[in-house]
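Welcome, and please have a look at the structure below. The briefing that follows takes you through it topic by topic.

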Amino acid sequence: MTNLNTHDKKLSGVALALCAIGGPERNRVSKLARLMGVKRQTVYHWCKLGEIPASRVKQAATLLRLPPHLLNNMFSSWE
C-alpha cells in the first residue's frame, strides 16, 4: 500500500531550482550559488524560507528556464 501523503507534497521553489540544476545532490547548492552570483549560505537561507526571493526570481527563471511562478508564489496568477 502506498502512502498518498508522499505524492501530495509540492516541491518548494528552491527545491525545484536545485533539481533543475542537476548533477550530484551534494554539489547542487554550490552550483546554484555560483550561477546566481551569491554565496552558498544565501542559497541555504532560501531553502529555509522555501522560495527564491522576488528580487532574484527573474534571474533564476532565465538561468534555469523555469517559469517564475514555480520559484516564488508571489508570481502566481490571482484567479
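Buried residues make up 25% of the 79 residues in the protein chain, where buried means under 20% relative accessible area, exposed over 50% and partly exposed in between, with a 1.4 Å probe and protein chains only. This is a predicted model, in which local features need pLDDT of at least 70 and side-chain atom pairs count only at pLDDT 80 or more, while totals for chains, interfaces and linings use all residues. Residues are numbered from 1 along each chain as its sequence is written, and side-chain values use heavy atoms, with hydrogens and water left out.

**The chain as a whole**

- The protein chain holds 6 helices and 0 strands; helices (H or I, at least four residues) and strands (E, at least two) are DSSP runs, numbered from the N terminus.
- Read from the N terminus, the elements follow the order α-α-α-α-α-α.
- Of the contacts between residues at least 6 apart in sequence, 36% join residues at least 24 apart; contact means heavy atoms within 4.5 Å.

**Helix H2**

- Helix H2 spans residues 13–21, and its buried residues are Gly13, Val14, Ala17, Leu18 and Ile21.
- Seen down the axis of H2, these buried residues fall within an arc of 135°, so they line one face of the helix; the arc is that of the directions from the helix axis to the C-beta atoms.
- For background, an α-helix has 3.6 residues a turn, so residues three or four places apart point the same way.
- The buried residues of H2 pack against helix H3 (28–36), helix H4 (40–49), helix H5 (54–64) and helix H6 (68–71).

**How H2 meets H3**

- Two packed helices are described by the angle between their axes and the distance between the axes.
- H2 and H3 pack at an angle of about 95°, and their axes are 9 Å apart; axes are lines fitted to C-alpha atoms, for helices over the stretch in contact, and angles run from 0 to 180 degrees between N-to-C directions.
- H2 and H3 are therefore roughly perpendicular to each other; angles under 35 degrees count as roughly parallel, over 145 as roughly antiparallel, 65 to 115 as roughly perpendicular and the rest as oblique.
- On the H2 side, Ala17, Leu18, Cys19 and Ile21 take part, and they meet Arg28, Val29, Lys31, Leu32 and Leu35 in H3.

**Helix H3**

- Val29, Leu32, Ala33 and Met36 are buried in H3.
- Their arc around the axis is only 100°, which puts them on the same side of H3.
- The cover over the buried residues of H3 includes H2, H4 and H5.
- Gly37 follows H3 and has a positive phi, near 75°.

- In H5 the residues Val57, Ala60, Ala61 and Leu64 are buried.
- They span an arc of only 100° around the axis, which places them on the same side of H5.
- Ser55, Lys58 and Thr62 are exposed on the other side of H5.
- The partners of the buried residues of H5 are H2, H3 and H6.
- Arg65 follows H5 and sits in the loop between H5 and H6; its phi, near 55°, is a positive value in a residue other than glycine.
- With a relative accessible area of 77%, Arg65 is exposed.
- Arg65 and Ala20 are 45 residues apart in sequence, and 8.7 Å apart in space from C-alpha to C-alpha.

**Asn72, after H6**

- Asn72 lies in the segment after H6 and counts as buried at 3% relative accessibility.
- Leaving aside neighbours within four places in sequence, Asn72 is in contact with Glu51, Ile52, Pro53, Ala54 and Val57.
- Asn72 and Ser12 are 60 residues apart in sequence, and 8.4 Å apart in space from C-alpha to C-alpha.

**Cysteines**

- The whole structure has 0 disulfides, a disulfide being a pair of cysteine sulfur atoms within 2.5 Å.
- Cys19 is partly exposed at 44% relative accessibility, and Cys47 is partly exposed at 33%.
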